[in-house]
Amino acid sequence: MSPAARALIAPFEAMEAFREASELKAQGKDIIHLSVGQPGRTVPTAVLESVASAMKNDALGYTDSKGIPALRQRIALQYRTRYGVEVPVERVFVTVGSSGATFMTLLTAFDPGARVALARPAYPAYPNMLQATNLETVFLDTDESTGFQPRVSHLEALPTPPDGLIIASPSNPAGTVLPPEELRAIAQWCKAHGTKLISDEIYHGVTYGDAVAQTALAFSDEAFVVNSFSKYYLLPGWRLGWAVVPERFCRSFESLVQSFFISPPAVSQVAALHVFDHLDTLDAAVAQYAVNRDILMTTLREVGMRGLRHAEGAFYLYANVSGLTNDSRDFCRRLLHEAGVCAVPGLDFDAERGHQYVRFSYAGEQAEIEEACGRIRGWLGTS
Ligand SMILES: Cc1ncc(COP(=O)(O)O)c(C=O)c1O
């Protein structure tokens, strides 16, 4: 890809909206962020104390490129306890966020020009990363009937099987979960058609009610799984995630990581290791998201937004605003400037139909969500 072509990669609207809102806030405006997917809560003080102690007592130099063994073992153990799946520790790589894990996966798994499918609306970094790594994006247009998740039928409808498929469950922007039997069917289809499956499981742990987010590893040893400490584990700014890599790709994944990153950040690995001692606190944050979700969903429905019924995980609502506007970017701009609420136009996730959608994040504190709901109601004249 030429530098000029790379310059054409679309900006990330969620981050741009976040920046604009932060600038308004710095000017003294009263802004509520329902834009970025960042947990409102921080990790328990005990985790920070462990980090402070490591900073005093350890050199915190480079670590093994795959991450510190104790953390990799703890991640492998999590697969046994949470999903009943055995994952050999040799296949676990600690990475620079799940972003780093996805980037390394794309470079490891595909030759330039390979075709990689993903559901649209999509987390925008995927098509952008595919473009930057000279891979072709094949969009699978999904709708509210499947909660914007792909089905085998979407894959069957392609003229030829793609080289790869990226799935995300729970998803961003819709917060929907692929039922385990659908995930199994997709994993089996991928195996049968030589399609490499990449399962983004960054929102695992953040599910509500009866929703079950199963790992793709339960159905395939050939899947690449990427995950993160940014969401459920409350450590977004520490830039740490992980990948579980199929055995035959481990050596090349490792070599790439050595050259691109040397190692994941040592100090963040200390935090990540200790956060596993506080799963109760993490689960309490999820319980709060569930309350926030219900408050926000009620308001968005009342003001005339639609398409919210499937949101069972992550901390987003992808609202159909076509009853209110046909221009989600203008809608979000006015919502920010006139009501002080920052949300993200759906165009970030779907250049074709995103003008009819807005993504709201409810990862903040309940009081903020309530205040935002009051403002949305007042702004739309429904209070
Ligand atoms: C679906 C999805 N995947 C990956 C990421 C990247 O997260 P990180 O690099 O912080 O792990 C995000 C961030 O919001 C996301 O929503």
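Housekeeping. I'm on a predicted model, where local features need pLDDT of at least 70, side-chain atom pairs count only at pLDDT 80 or more, and totals for chains, interfaces and linings use all residues. Numbering starts from 1 along each chain as its sequence is written.

Val303, continued. I place it in the loop between H11 and E9; helices (H or I, at least four residues) and strands (E, at least two) are DSSP runs numbered from the N terminus. Buried or exposed? I get partly exposed, because Val303 has 19 C-beta neighbours inside 10 Å. For burial I use backbone-placed C-beta atoms: 20 or more others within 10 Å is buried, 12 or fewer is exposed, and in between is partly exposed. I also checked Val303 against Val96: 207 residues apart along the chain, with 40 Å between their C-alpha atoms.

H11. I read residues 279–302 as a helix of 24 residues, reaching 35 Å from first C-alpha to last, close to the 34 Å expected (1.5 Å times one less than the number of residues). What do its buried residues pack against? I see strand E9 (316–320), strand E12 (357–361) and helix H13 (366–379). Among those buried residues are Leu282, Tyr289, Arg293 and Leu296. After the helix comes Gly304, with a positive phi near 105°.

Domains. The assignment, automatic or from a database, gives domain 1 (3–43 + 280–377) and domain 2 (61–277). I looked up the meeting surface: 32 residues of domain 1 are in contact with 35 of domain 2. On the domain 1 side, H11 and E9 are the elements that give two or more residues, and H11 has the largest share with 6.

Core. The largest nonpolar core has 109 residues, and Leu235, Ala243, Leu317, Ala319 and Phe360 have the most contacts inside it. I count a core as buried Ala, Val, Leu, Ile, Met, Phe, Trp, Tyr and Cys residues joined through C-beta atoms within 7 Å. Both domain 1 and domain 2 give it at least three residues each. I followed Leu317 and found that it touches Gly175, Leu296 and Phe360, among others.

Ligand shell. I get 13 residues around the ligand, with Gly97, Ser98, Ser99, Ser228 and Ser230 closest; being near takes a backbone-placed C-beta within 6 Å. Which helix gives the largest share? That is H5 (residues 97–109), with 3 residues. I note that 11 of the 13 residues of H5 are buried, so the helix is largely enclosed by the rest of the structure.

Most residues other than glycine have a negative phi, and most peptide bonds are trans. I logged two cis bonds: Arg120 to Pro121, omega near 10°, and Ser169 to Pro170, omega near -5°. Pro121 is in the loop between strand E3 (115–120) and helix H6 (125–132), while Pro170 is in the one between strand E5 (164–168) and helix H8 (180–193). Arg239, not a glycine, has a positive phi of about 55°.

Technical notes: Two residues are in contact if their C-beta atoms, placed from the backbone, lie within 7 Å. Lists of a residue's contacts leave out its neighbours within four places in sequence.
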